[in-house]
Amino acid sequence: MAAEAVAKASSGAEDVQAALKKRLIETGDWDRISTALQRYLVEQGIEDDMKIRAEDIIKDQENPTLWKVKDQLLANATDMIPPDIQRAVKQEIEAALERQLQ
């Protein structure tokens with residue numbers, strides 16, 4: 001019973017997240033925020049760090065697949081972005097959504 005409740009809550013959260021993303025895409029805010037984040041990642045060398053990390057993951061695996069590499073990269077990707085940048089992105093998303101509600 002508890003597992004079902006967790007699954008429903010998780011599914012509900014995913015549905016809300018998908019709806020919010022769709023709304024941001026429709027308004028163009030998703031592209032604007034993504035472009036700003038991508039520029040920061042390039043400027044700070046984080047993108048290069050991720051490429052090096054991906055190469056290391058591939059070298060360490062006997063039979064690497066795109067999905068295995070992606071999963072391992074994503075496991076630590078958020079930690080590579082400084083907290084102030086994470087906060088700034090969240091604030092941009094919140095501001096964009098608030099503009100939609102007005």
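Gln61 is located in the loop that joins α3 (46-60) to α4 (66-80), and the model in which it is described here is a predicted one. Its relative accessible area is 16%, and because residues under 20% count as buried, Gln61 is buried. When residues up to four places away in sequence are not counted, Gln61 touches Lys68, Val69 and Gln72.

Helix α2 covers residues 29-43, and its 15 residues, at 1.5 Å a residue, should span 21 Å, which agrees with the 21 Å that separates its end C-alpha atoms. Asp29, Ile33, Tyr40 and Leu41 are the buried residues of α2. Seen down the axis of α2, these buried residues fall within an arc of 100 degrees, so they line one face of the helix. The exposed residues Asp31 and Glu43 are carried on the face of α2 that is turned away from its buried side. After α2 comes Gly45, whose phi is positive, near 80 degrees.

Ala96 has its place in helix α5 (residues 83-101), and its relative accessible area of 0% makes this residue buried. Between Ala96 and Arg23 there are 73 residues of separation in sequence, while in space the two are 9.6 Å apart, C-alpha to C-alpha.

The relative accessible areas of the two residues are set out below.

| Residue | Relative accessible area |
|---|---|
| Gln61 | 16%, buried |
| Ala96 | 0%, buried |

Key
Residues are numbered from 1 along each chain as its sequence is written. This is a predicted model: local features need pLDDT of at least 70, side-chain atom pairs count only at pLDDT 80 or more; totals for chains, interfaces and linings use all residues. Side-chain values use heavy atoms; hydrogens and water are left out. Helices (H or I, at least four residues) and strands (E, at least two) are DSSP runs, numbered from the N terminus. Buried means under 20% relative accessible area, exposed over 50%, partly exposed in between (1.4 Å probe, protein chains only). Contact means heavy atoms within 4.5 Å. The expected span of a helix is 1.5 Å times one less than its number of residues. The arc is that of the directions from the helix axis to the C-beta atoms.
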